[in-house]
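Welcome! Please take a moment to look over the sequence and the model, and then read on for a short tour.

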Amino acid sequence: MRASIAELRERFDALETREQAALVVLGGFLAILVFYFALWTPAYDYLEDSQADHDRHLKLLTYLQSTEAEARAAAQGGAKPSAGRNLLTSVSRTAQTIGINPSRMQPEGSGAVSVWFESVPFTQLMLWLERLESQQSIVVRQISIDRRDEPGRVSARLVLRS
């Protein structure tokens with residue numbers, strides 16, 4: 001190893017002054033590049049990712065703390081799920097306002113309902129689901145959509161929960 005270094009030192013000393021200066025500048029530039037790409041960039045990316053994770057977890061913590069009282073009340077039986085009949089009525093009424101008619105509806109225990117559509121426009125189905133969630137706080141628990149032969153029409157089976 002020492003022999004290799006000594007040989008490189010001799011070669012460096014044999015170069016002209018301008019060539020030696022250029023080689024030193026090039027070596028410094030390469031050292032800066034290695035530092036930047038091997039150390040600085042990964043460390044900075046890790047810091048950014050950590051900050052994003054921290055912000056995401058802080059947002060989740062804030063949400064969980066804001067809903068803690070509701071969750072505790074629900075766990076102790078204080079909050080009662082809406083009756084299946086009210087859910088069926090809400091789902092049916094909202095579908096009629098959009099202009100789609102479910103081919104079949106069936107309660108799934110308390111607070112859930114299954115809805116089937118044979119041939120419905122996909123855009124109207126999505127509009128209906130958006131309105132259910134935004135206006136009635138009814139969310140999709142399970143969904144299965146199949147394409148029909150007619151363009152833009154689908155068959156769907158959904159399980160909705162209040």
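Helices (H or I, at least four residues) and strands (E, at least two) are DSSP runs, numbered from the N terminus. With that in hand, the elements of the protein follow the order α-α-α-α-β-β-α-β-β from the N terminus on, which comes to five helices and four strands.

This is a predicted model, in which local features need pLDDT of at least 70, side-chain atom pairs count only at pLDDT 80 or more, and totals for chains, interfaces and linings use all residues. Residues are numbered from 1 along each chain as its sequence is written, and side-chain values use heavy atoms, with hydrogens and water left out.

The C-alpha atoms of the protein fill a box of roughly 95 × 50 × 25 Å along the principal axes. Buried residues (under 20% relative accessible area, with a 1.4 Å probe and protein chains only) make up 19% of the 162 residues.

Now let us visit one residue. Ser-155 sits in strand β4, residues 153–161. Is Ser-155 buried or exposed (over 50%)? Ser-155 counts as buried because its relative accessibility is 11%.

Its side chain has these polar contacts (pairs of N or O atoms within 3.5 Å; within protein, one must be able to donate a hydrogen and the other to accept it, and residues adjacent in sequence count only if both atoms are side-chain atoms):

| Side chain | Partner | Distance |
|---|---|---|
| Ser-155 | Arg-148, side chain | 3.1 Å |

Leaving aside neighbours within four places in sequence, Ser-155 is in contact (heavy atoms within 4.5 Å) with residues including Phe-117, Ser-144 and Asp-146.
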